[in-house]
Amino acid sequence: MPRARIANRIRQLRFEHGEITQQELADQVGCTRQTIIVLEKERYVPSLSLAFLIARVFGLAIEDVFEFVDDE
Amino acid sequence: MKLVWVMLAIVGSGLMITAVGRLVRSVRPQPEMGGLPTTPLERLGWIGLAITGLVGLGLAALVLLVGVNDLQDGPMSRGISILMLAGLSAWLIAWTVTKRRSGGPVLDERDRAILARSLSVESMIVLLSLVAWTVVLTEVYWDEGVAPVGYFQLIFWSTFVGGAFGRSLGIVMGYRREISVDA
């Protein structure tokens with residue numbers, strides 16, 4: 001399986017949606033603030049359900065928040 | 001026979017040095033993973049390291065001070081019971097306080113992934129501990145052919161504490177590595 005990373009626009013979307021804090025987003029999706037931080041740094045690939053929950057908070061489709069990027 | 005032990009010792013030492021080197025490198029935070037707020041599980045990992053480290057040192061001190069002949073009875077048995085009860089109580093208090101203070105979820109999916117991965121560190125330490133006990137007891141009691149039965153207690157408790165130490169170490173290491181739920 002080729003190596004790939006999952007890019008995301010969470011940080012940008014937080015600011016576009018009333019400057020939601022990392023803690024507020026974490027509380028809404030039921031994870032810790034550290035998980036939101038490492039997600040924004042793209043150091044953690046979330047589960048599909050967490051990705052859906054985050055997209056739902058911003059009222060967007062999952063592919064509008066997360067992007068599959070081929071590293072090759 | 002001696003040559004076999006020498007070769008085993010060389011191979012074992014090599015493996016140990018490699019494993020310890022990898023552990024040390026893993027515990028060192030990656031620049032991009034440093035400075036993050038700690039999660040409740042990460043705090044419990046550090047507390048677990050401290051508690052199991054202290055209990056392990058206490059166990060070693062007991063063996064050095066009291067000796068191994070009193071393992072089944074007397075001060076050694078009481079000492080081990082006190083150490084284990086103190087360690088377990090301290091961990092339970094830490095767990096209760098951490099859970100109460102966290103407010104939100106204690107474990108999220110990333111924490112669960114880290115917790116699951118920490119099992120590999122625990123298994124490695126348990127295995128190394130058993131290998132060390134086997135080599136030491138074989139070497140010391142080779143001529144007599146039998147080892148005092150009390151050693152079984154000591155092997156059990158040291159492996160138990162070592163396993164808990166390994167689990168805590170695995171948790172702390174997990175927060176310094178990139179991880180994904182499908183990893």
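In H2(B), the residues Pro40(B), Arg43(B), Leu44(B), Ile47(B), Gly48(B), Ile51(B), Val55(B), Gly58(B), Leu59(B), Leu62(B) and Val66(B) meet Pro75(B), Met76(B), Gly79(B), Ile80(B), Leu83(B), Gly87(B), Ala90(B), Trp91(B), Ala94(B), Trp95(B), Thr98(B) and Ser102(B) of H3(B), two residues being in contact if their C-beta atoms, placed from the backbone, lie within 7 Å. The model is predicted, so that local features need pLDDT of at least 70 and side-chain atom pairs count only at pLDDT 80 or more, whereas totals for chains, interfaces and linings use all residues. Residues are numbered from 1 along each chain as its sequence is written, and chains are lettered from A and ligands numbered from 1 in the order in which they are written.

By class, the contact of H2(B) with H3(B) comprises 16 nonpolar, six polar and one charged residues (nonpolar: Ala, Val, Leu, Ile, Met, Phe, Trp, Tyr, Cys and Pro; charged: Asp, Glu, Lys and Arg; polar: the others, Gly among them). The two helices pack at an angle of about 170 degrees with their axes 10 Å apart, where axes are lines fitted to C-alpha atoms, for helices over the stretch in contact, and angles run from 0 to 180 degrees between N-to-C directions. H2(B) and H3(B) are therefore roughly antiparallel to each other (under 35 degrees counts as roughly parallel, over 145 as roughly antiparallel, 65 to 115 as roughly perpendicular and the rest as oblique).

H2(B) also packs against H5(B), at an angle of about 155 degrees and with the axes 8 Å apart, which makes H2(B) roughly antiparallel to H5(B). The crossing of H2(B) past H5(B) is left-handed (the near helix is turned anticlockwise from the far one by less than a right angle, and clockwise in a right-handed crossing). Residues of H2(B) including Trp46(B), Leu49(B), Val55(B) and Leu59(B) meet residues of H5(B) including Trp157(B), Val161(B), Phe165(B) and Leu169(B), and the contact of H2(B) with H5(B) has 14 nonpolar, seven polar and two charged residues.

Chain B as a whole has five helices and one strand (DSSP runs numbered from the N terminus, helices being H or I of at least four residues and strands E of at least two), in the sequence order α-α-α-α-α-β. Of its 183 residues, 22% count as buried (20 or more other C-beta atoms within 10 Å of a residue's own; exposed, 12 or fewer; partly exposed, in between; C-beta atoms placed from the backbone).
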